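Please keep the sequence and the structure in view while reading.

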Amino acid sequence: MIAFLLFVALNASASGPEDCVSVPSVGCVYAPSSAGPHPPLLIYMRGFWGDYKNAVPPKLALKSSRQAFAEYGLDKVADATHSAVLVTYTSSLVVSETTIEKLGAQTGLEFSRRVVAAHSGAYEGLEASLDARLQVDRLIMLDDFYSGPALAKKIQVRFPSRGSCAGYYTPHTFKRKNGTIYDNRAHFQATFRPFAPNCVIEELPEGNHDAGVKDCLLSYMTRETCR
């Protein structure tokens, strides 16, 4: 209890990335004063950061996770939902039950439920975390559909009920190094939609790959659609 009260005191007036406290080898964690001792936990799996892609050096773990915390307004989501938020520092990071146990010991919090939100390149960390049997109550997919059918099939098995998985994709394209064109809408329709039909995914306009996180994550915490 003393650890919890100290943690709340440190975060009573959070307003910047420095209020997301280091979690060694994982990223950073923030809990608003309204969270109480048994808050929900939002696990935010960040997408690629800068030129490091999915291999951010551990020495930059705090800087990377705090960048995502600030960039996507994760403090506002935590405040509005009275949740703690754990922000991973690299998109390939595996979050396991051991990770959650250590987080509870560090913060003095006992988490009432888990919500995982994976953005962009964090499909890698998401798949690895599901393989590690991380227990998740709700999954939020934030334009992270670059994988193949294997991930979609795992999601269908783990989240078979409509409403337990939601998110968005955007119809963007880009040229690969080999010169071919990647079409995100076509890829989503071919490799995700047929294999995870109960996951409610909406299309947002092109240009919302990053903006959609800040605009929609709070809505997806409790609803199937952004608006």
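## Aromatic pairs

The count of aromatic pairs comes to eleven. The model is a predicted one, and every value below is computed from it.

One of these pairs is formed by Tyr-123 and Tyr-146. Their ring centres are 6.1 Å apart and their planes meet at 55 degrees, so the pair is tilted. Tyr-123 belongs to helix 5 (residues 123-131), while Tyr-146 sits in the loop between strand 6 (138-142) and helix 6 (149-158); the pair therefore ties together parts that are 23 residues apart in sequence. Tyr-123 has a relative accessible area of 17% and is buried, because buried means under 20% relative accessible area.

Tyr-146 also pairs with Tyr-182. Here the ring centres lie 5.6 Å apart with the planes at 45 degrees, so this pair, too, is tilted. Since Tyr-182 is in strand 9 (residues 181-183) and Tyr-146 is in the loop between strand 6 and helix 6, the pair ties together parts that are 36 residues apart in sequence. With a relative accessibility of 4%, Tyr-182 counts as buried.

Which residues do ring pairs link into a cluster with Tyr-146? The cluster consists of Tyr-123, Tyr-146, Phe-174 and Tyr-182.

## Disulfides

The chain is next considered through its bonded cysteines. There are three disulfides, and with the bonded cysteines numbered in sequence order, the pairing reads 1-2, 3-4, 5-6. The table gives the sulfur-to-sulfur distance for each.

| Disulfide | S to S distance |
|---|---|
| Cys-20 and Cys-28 | 2.1 Å |
| Cys-165 and Cys-199 | 1.9 Å |
| Cys-216 and Cys-226 | 2.1 Å |

For Cys-20 and Cys-28, the torsion about the S-S bond is about 90 degrees, so this disulfide is right-handed. Both Cys-20 and Cys-28 are buried.

The torsion about the S-S bond of Cys-165 and Cys-199 is about -50 degrees, and the disulfide is therefore left-handed. This pair links distant parts of the chain, 34 residues apart: Cys-165 is in strand 7 (residues 165-169), and Cys-199 is in the loop between helix 7 (184-191) and strand 10 (200-203). Are these two cysteines buried or exposed? Cys-165 counts as buried at 0% relative accessibility, and Cys-199 is buried with a relative accessible area of 2%.

The link of Cys-216 and Cys-226 is left-handed, with -80 degrees about the S-S bond. Cys-216 lies in helix 8 (residues 211-220) and Cys-226 in the segment after helix 8, so the pair ties together parts that are ten residues apart in sequence. Both Cys-216 and Cys-226 are buried.

## Enclosed space

Empty space can also be examined. Rolling a probe the size of a water molecule over the atoms shows where empty space is left.

How many cavities of 30 Å³ or more are counted? The count comes to one. The largest cavity holds about 50 Å³ of space.

Its lining includes Tyr-146, which is also a member of the aromatic cluster. By class, the lining of the largest cavity has six nonpolar, three polar and one charged residues.

How values were computed: Residues numbered from 1 in each chain as written. Predicted model: local features only at pLDDT ≥ 70, side-chain atom pairs only at ≥ 80, totals over all residues. Heavy atoms only, no water. 1 Å grid on protein atoms, 1.4 Å probe; cavity = no way out; pocket = protein on both sides within 12 Å on 5 of 7 lines; lining within 4 Å. Points joined across faces, edges and corners; volume = space filled by probe spheres on them. Nonpolar A, V, L, I, M, F, W, Y, C, P; charged D, E, K, R; others polar. Disulfide = S-S within 2.5 Å. Buried < 20%, exposed > 50% of the residue type's maximum accessible area, 1.4 Å probe, protein only. Helix = DSSP H or I, 4+ residues; strand = E, 2+ residues; numbered from the N terminus. Phe/Tyr/Trp six-rings, centres within 6.5 Å; stacked < 30°, edge-to-face > 60°.
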